[in-house]
Amino acid sequence: MKQTKKEFIKELLAKLTLREKIGQMTQLNGRYFCETEAELTGPFEKLGISAKDLAMIGSVLYLSSAEEAIAVQSKHLEDDPNHIPMLIMMDVIHGYRTIFPIPLAMGASFDPDLMEQCSQMAAKEASASGVHVTFTPMVDYVRDARWGRVMETMGEDTLLNSRMGAAQVKGFQGDGYGRPGSLATCVKHFAAYGGAEAGRDYNMVEISERLLREYYLPAYKACLDAGAPMLMPSFNSMNGVPSTANSFLMNQVLRGEWGFDGVVISDYWAIKELISQGVAKDNREAALKAMKCGCDVEMASTYYLNELEKLVRDGVVSEAEIDRSVERILSLKWDCGLFEDPYQGASSEKEVECQLTKENRAIAETAAEKCAVLLKNDGVLPFSKQVKKIALIGPFAESRSIIGNWRANGKDEEAVSVADGVRNLLPGAEIAVVQGCSAELDQFDEGEFPAAIDAAKNADVVILCVGEQQDYSGEGKSRVDLKLPGVQEKLCEAVCAVNPNTAVLLFNGRPLVLTGLHKCAPAILEMWFPGTEGGNAAAKLLFGDANPCGVIPMSFPKSVGQCPIYYNHPSTGRPKKAGDDDVFQPFHSNYIDCGNLPLYPFGYGLSYSSFRYESMELDTHELTKDGQIKVTVKIANQSDRDGEKAVQLYFHDPVASSVRPVQSLLDFKKVLIPAGKTAKVEFTITEPQLRYYDADCSYHSDPGDFDLFVGYADHPELKDSFRLLD
Ligand code: BGC
């Protein structure tokens with residue numbers, strides 16, 4: 001009879017020496033297995049380990065192809081005394097070879113189904129190259145656009161982040177990882193990494209337990225509930241303790257309250273960094289602290305390999321604790337199917353067959369279209385396809401570096417630039433391309449302005465392609481200024497002044513301060529980093545073959561000084577009175593030199609269709625503790641163009657025992673409304689959706705009245721209210 005998983009693991013564990021067990025608990029960079037000299041961290045001898053140790057390592061981070069994965073795995077299976085396959089892990093975040101829009105852009109789609117579809121495609125591609133686990137979803141809650149890693153999140157709302165993160169898990173894992181075509185997921189970075197003070201990456205986070213539980217924790221939990229078998233603690237310290245060694249987070253919340261029994265892997269060098277963070281005096285203490293907080297795998301450094309044996313010998317760590325971690329790791333290997341097929345169907349033929357296919361490119365194009373947000377349109381868009389002369393101006397006009405920061409095995413040169421996209425769509429048009437200026441932070445050369453202005457004057461329509469370089473957002477890419485780098489805004493002003501038929505396309509990985517651009521540009525389309533098919537999507541959107549339907553997932557401030565800025569801020573005792581947001585009100589909660597509201601609020605986005613909310617009906621205005629209210633929203637598409645709309649329902653609890661946000665997203669649905677038709681969208685409200693964490697961290701709702709509206713942040717279109725009964 002076939003052995004059960006439990007029997008298999010028990011038997012295998014009994015064969016392993018202590019050092020072999022600790023090998024399972026170590027993950028090293030793929031380069032150690034492919035090259036003798038690793039560019040990043042030096043040869044493996046410098047890690048204080050031997051070639052024999054290398055043979056018993058449990059997992060590898062980053063291998064670049066099926067060929068490499070098969071070669072490394074088969075050599076490992078020969079060398080490892082117990083022939084235990086390695087788990088191959090990688091950051092497959094927004095695509096593997098075919099790159100779809102960055103996560104922040106996917107947040108703008110408000111479309112979890114789309115996220116699931118893209119993740120499924122990425123899993124299929126990565127699995128063909130031999131990857132077993134992806135370090136995604138990243139569901140760090142964010143409020144500060146200065147932090148470069150906002151591009152990896154789905155924005156400033158907990159519900160949106162939770163649903164999108166869960167959709168990623170579903171997409172990557174399919175009906176269950178451990179079969180070719182699917183990957184296991186690892187939720188990260190637990191917890192509150194996005195709260196980095198002043199938006200500076202790796203900086204400390206000081207946060208109340210109330211805030212942590214209400215806004216930051218739910219999305220991690222949603223991804224675990226969706227079936228993610230792994231979790232990664234964050235680099236930052238939270239309330240004085242780095243997450244990797246934070247017993248409250250790791251032991252009390254994760255393993256205790258949530259009962260998580262999957263694999264915890266440290267972030268890259270995070271165990272080693274406990275020393276620079278000043279909570280461990282040496283390697284031994286760093287290893288001990290991480291171990292005592294249930295960290296099963298050490299990524300990139302070798303403190304476990306070099307210290308844990310001694311800690312066991314000294315009786316500080318028990319072998320049973322080591323066994324528990326190894327059991328979890330072996331269990332994941334079993335679930336990933338590695339003991340049946342360590343290669344999981346990876347092959348060079350399969351890579352050719354399933355990567356960067358026409359079908360995958362089509363999904364990526366649709367995704368890029370659905371993530372784009374039309375920020376402004378004075379009526380110039382969509383452009384007519386009959387135009388003869390088109391000027392494409394700006395540093396992103398011909399650039400293929402628009403796929404974003406976590407590009408896995410994606411290549412810029414495989415991407416479609418805006419110029420390529422416009423040529424594909426309108427092969428007969430006369431197209432002039434002028435770069436105009438650079439998108440680099442320290443480049444202020446205006447030498448090409450006259451050429452750009454001439455091209456603009458001679459064109460029927462102008463497409464201005466500006467933004468941030470794709471490596472200006474992502475890990476370690478914090479900024480203090482959120483303006484367009486260099487002289488790009490000046491270029492836009494000069495070009496818009498000579499041709500009113502101008503649309504600006506934006507490429508960026510974070511909310512930017514676009515106050516100046518908003519004043520001068522007749523139309524602005526936010527493309528984010530749209531991925532491999534970005535240029536084709538942009539062309540279709542500009543010329544009306546596609547209809548923009550994305551909405552803002554993270555507030556775009558008017559000034560960087562407003563950061564952190566987010567739509568669901570708590571009520572104050574002196575709120576600003578209705579009126580012009582930019583007019584200062586003395587002794588109210590506002591600024592002398594800037595309004596309170598963002599330039600583009602959460603949930604905002606235009607369309608070529610014109611939608612009108614017709615009615616919002618509640619089947620009852622009284623909610624009992626175990627009852628529900630059915631909300632029916634009717635929304636009409638009054639145009640002659642089919643269009644998609646992110647219908648958003650918000651609520652406000654006006655009297656509670658703690659200060660509540662001025663508005664919170666209660667639910668949302670993305671719907672396609674055919675031209676001239678009306679759609680009916682239904683939401684259900686139940687009592688648990690109204691709960692919050694009180695000052696003493698008790699989780700409850702308050703009976704009484706609640707306000708309700710549909711629209712977007714700070715812009716109610718239809719209002720109603722209901723009462724929660726005792
Ligand atoms: C990042 C993680 C990532 C890991 C492995 C770290 O620097 O913080 O998000 O998963 O590297 O690449």
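User: Hi! Which atom of the ligand does a polar side-chain atom of E475 lie 2.7 Å from?

Analyst: Hi there! In this predicted model, a polar side-chain atom of E475 sits 2.7 Å from an oxygen atom of the ligand.

User: Nice. And how much of the ligand's accessible area does the protein cover?

Analyst: On its own the ligand has 310 Å² of accessible area, and the protein covers 94% of that.

User: Back to polar side-chain atoms: what about H189 and the ligand?

Analyst: H189 has a polar side-chain atom 2.7 Å from an oxygen atom of the ligand. For D91, the distance from a polar side-chain atom to an oxygen atom of the ligand is 2.4 Å.

User: Which residues are around the ligand, then?

Analyst: Here is the list: Y62, D91, F135, R149, K188, H189, M232, F235, D267, Y268, M299 and E475.

User: How do the residues of that shell divide into nonpolar, polar and charged?

Analyst: The shell around the ligand has six nonpolar residues, one polar and five charged.

User: Okay, new topic. How many cavities of 30 Å³ or more are there?

Analyst: The count comes to three cavities of that size.

User: How much space lies in the largest cavity?

Analyst: About 50 Å³.

User: And which residues line the largest cavity?

Analyst: Its lining is made up of S127, V131, H132, G178, R179, S182, C336 and Q344.

User: How does that lining divide by residue type?

Analyst: For the largest cavity, two lining residues are nonpolar, five are polar and one is charged.

Methods
Residues are numbered from 1 along each chain as its sequence is written. This is a predicted model: local features need pLDDT of at least 70, side-chain atom pairs count only at pLDDT 80 or more; totals for chains, interfaces and linings use all residues. Side-chain values use heavy atoms; hydrogens and water are left out. A residue is near a molecule or strand if one of its heavy atoms lies within 4 Å of it. A polar contact is a pair of N or O atoms within 3.5 Å; within protein, one must be able to donate a hydrogen and the other to accept it, and residues adjacent in sequence count only if both atoms are side-chain atoms. Accessible areas come from the Shrake-Rupley method with a 1.4 Å probe; for residues, only the protein chains shown count as cover. Ala, Val, Leu, Ile, Met, Phe, Trp, Tyr, Cys and Pro count as nonpolar, Asp, Glu, Lys and Arg as charged, and the others, Gly among them, as polar. On a 1 Å grid over the protein atoms alone, a cavity is a set of points where a 1.4 Å probe fits but cannot get out, and a pocket is an open set with protein on both sides within 12 Å along at least five of seven lines; lining residues have an atom within 4 Å of a point. Grid points are joined across faces, edges and corners, and a volume is the space filled by probe spheres set on the points.
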